[in-house]
Amino acid sequence: MRTWIRNGLLATMVEGEAPYCGDILIEHDRIVEIGTSVHASEEDKVIEGDGFAVMPGFINAHQHSPMSLLRAFSDDRKLMDWLDRKMLPAEANMTPEDIYWGSMLAMAEMIRSGTTCFADMYIHMDQIGEAVKSAGMRASLTRGLVFLQDDGGKRMGEAIDLVERWSGAADGRITTMIGPHSPYTCPPEPLKETIAYAESRKLPIHIHLAETKEEVVKIRDRYGVTPTEYLVDLGMFDRSHVLLAHAVHLTRKDVRLLHGMRGGVAHNPISNLKLGCGIAPVTECIRQGITVGIGTDGAGSATTLDMFESARAAAWLQKLDYGDPTMLPAGQALRMGTLESAKLLCLNREVGTLEKGKKADLILVDLRKPHLQPNHNVESLLAYAAKGSDVDTVMVDGRLLMQGRKLLTIDEEELFGQVRHRAARIVQGI
Ligand SMILES: N[C@@H](CCSC[C@H]1O[C@@H](n2cnc3c(=O)[nH]cnc32)[C@H](O)[C@@H]1O)C(=O)O
Ligand SMILES: [Zn+2]
């Protein structure tokens, strides 16, 4: 059976295409027709689009989904203090089942706020894979690798295991990357090994980079170079596609060094704002031809996974940084949260825009709200006024995950019960 989205205001995110009123026809998992005169029939299942903006689902380019269990547990602290004293001890208390429910909590929030796909870096990845399967989202999964203890081999084994067992799983909705955590948690030798493995399997790399000034000082003290130079010198960018999370503290030379890289930067404006990290040089990166997508980071730091807020914050920060309201306009902010993020996840041939032949990963945003009226410019409304709670319908791979704000794949009552007792146990004594 086909699904016919009728009379929606289509914000396709295709470069240069203005939003227009039209229809989308979906067969199985793909968009088979889109435009002003699709060949729909009476048997098609109709989704009424009148009054709704239809856009590709947001793609959250950097996440630690189970950290939703640590939401609001430790705020208003310095990053290293937060990580070492609060997050890592709490993570050590998490069982595989906790990871499953924490990830499910993140997915309930993501679906409710219009995100259809995310890049995740964490531990106990089998449980995250199972949660993704069950919730119906699309995800790129990475086992985060910290090489500060002497069990690096075991961790690397888990990372390889994830790649071998989960690449292409859940009807192709799951892809994988290799995830050395950061320059400051990965010494040269194990980092070289991860690069060599990524090259041999043609896998993308997902890594944190230059998130804080402290990181820059630490890496300079240890190796005499910037965090970016450290990765460049080890050959990380020679052959691999690399997803760089944060990239806040880059020198001009660093940005030039990244010119021509495969992959790009996942900008996490809310996490950077809240942790006081700084303003990432997004405009300079884009001028150097570097792809910049948007992520939230985990809810443990960002507190919220609403990509509308993150896209808006990305635009605001560039305007503020340059003292110029023409910087990072509305349409570009939305494209960064969809198509550009898709490029970072190596998924832009399949998702990121509404186009014939692409996967049907899309959302309907209800415009019949005071804060979304009148409609002079729908991209402006979506970027500057819409909230995750305005999302009415979410489809991934042609399957409805939410309709009329009712989640169709997640039982929230059960979820909240699981989350409550697990969250309390994890943080006990920390
Ligand atoms: N700690 C894991 C490996 C890393 S998974 C991803 C890690 O990123 C950490 N993380 C979350 N947010 C941030 C951030 O903003 N910067 C750096 N690390 C973060 C998070 O606490 C988690 O430990 C192990 O023992 O094997
Ligand atoms: Zn992170």
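The model described here is predicted. On the α13 side the contact consists of Met307, Ser310, Ala311, Arg312, Ala314 and Ala315. These residues meet Ala330, Ala333, Leu334, Met336 and Gly337 of α14. By class, the contact of α13 with α14 holds eight nonpolar residues, two polar residues and one charged residue.

Two further helix pairs involve α2. Helix α2 (residues 96-112) and helix α16 (residues 412-426) have axes that come within 9 Å and cross at roughly 125 degrees. An angle of this size puts α2 and α16 in the oblique class, and their crossing is left-handed. From α2, the residues that make the contact are Asp98, Trp101, Met104, Leu105 and Ala108. From α16, the contact is made by Glu412, Leu415, Gln418, Val419, Arg422 and Ile426. Seven nonpolar residues, one polar residue and three charged residues form the contact of α2 with α16.

The other partner of α2 considered here is helix α3 (residues 125-135), with axes that come within 8 Å and cross at roughly 40 degrees. The α2 and α3 pair is therefore also oblique, since only angles under 35 degrees count as roughly parallel. The crossing of α2 and α3 is right-handed. In α2, the residues concerned are Pro96, Ile99, Tyr100, Ser103, Met104 and Met107. They meet Gln127, Ile128, Glu130, Ala131 and Ala135 in α3. The contact of α2 with α3 is made up of eight nonpolar residues, two polar residues and one charged residue. Met104 of α2 is listed both in the contact with α16 and in the contact with α3.

At the level of the whole chain, two domains are assigned. Domain 1 is built from two segments, 2-56 and 358-407, while domain 2 spans 58-344. Taken over C-alpha atoms, the centres of domain 1 and domain 2 are separated by 28 Å. The contact between them takes 21 residues from domain 1 and 24 residues from domain 2. On the side of domain 1 that touches domain 2, at least two residues each come from β15 (362-366), α15 (378-384), β16 (391-396) and β17 (399-403). The largest share of that side, five residues, is supplied by α15. Sorted by class, the side of domain 1 that touches domain 2 has 14 nonpolar, two polar and five charged residues.

Ligand 1 is surrounded by 17 residues. The closest are His64, Met87, Gly144, Val146 and His181. Helix α1 (79-92) and strand β7 (115-122) each supply at least two residues of the shell around ligand 1. The most is given by α1, which contributes three residues. The shell around ligand 1 divides into six nonpolar, seven polar and four charged residues.

Two local features of the backbone remain to be described. Most peptide bonds are trans, and most residues other than glycine have a negative phi. The peptide bond from Gln373 to Pro374 is cis, with omega near -15 degrees. Pro374 is placed in the loop between β15 and α15, two elements that each supply at least two residues of the side of domain 1 that touches domain 2. Asp76 has a positive phi, near 60 degrees, and is a residue other than glycine. Asp76 lies in the loop between β6 (58-63) and α1, the helix that gives the most to the shell around ligand 1.

Technical notes: Residues numbered from 1 in each chain as written. Chains lettered and ligands numbered in written order. Predicted model: local features only at pLDDT ≥ 70, side-chain atom pairs only at ≥ 80, totals over all residues. Domains from an automatic or database assignment. Contact = placed C-beta atoms within 7 Å. Helix = DSSP H or I, 4+ residues; strand = E, 2+ residues; numbered from the N terminus. Nonpolar A, V, L, I, M, F, W, Y, C, P; charged D, E, K, R; others polar. Near = placed C-beta within 6 Å. Axes fitted to C-alpha atoms, helices over the stretch in contact; angles between N-to-C directions. Parallel < 35°, antiparallel > 145°, perpendicular 65-115°, else oblique. Left-handed = near helix turned anticlockwise from the far one by under 90°.
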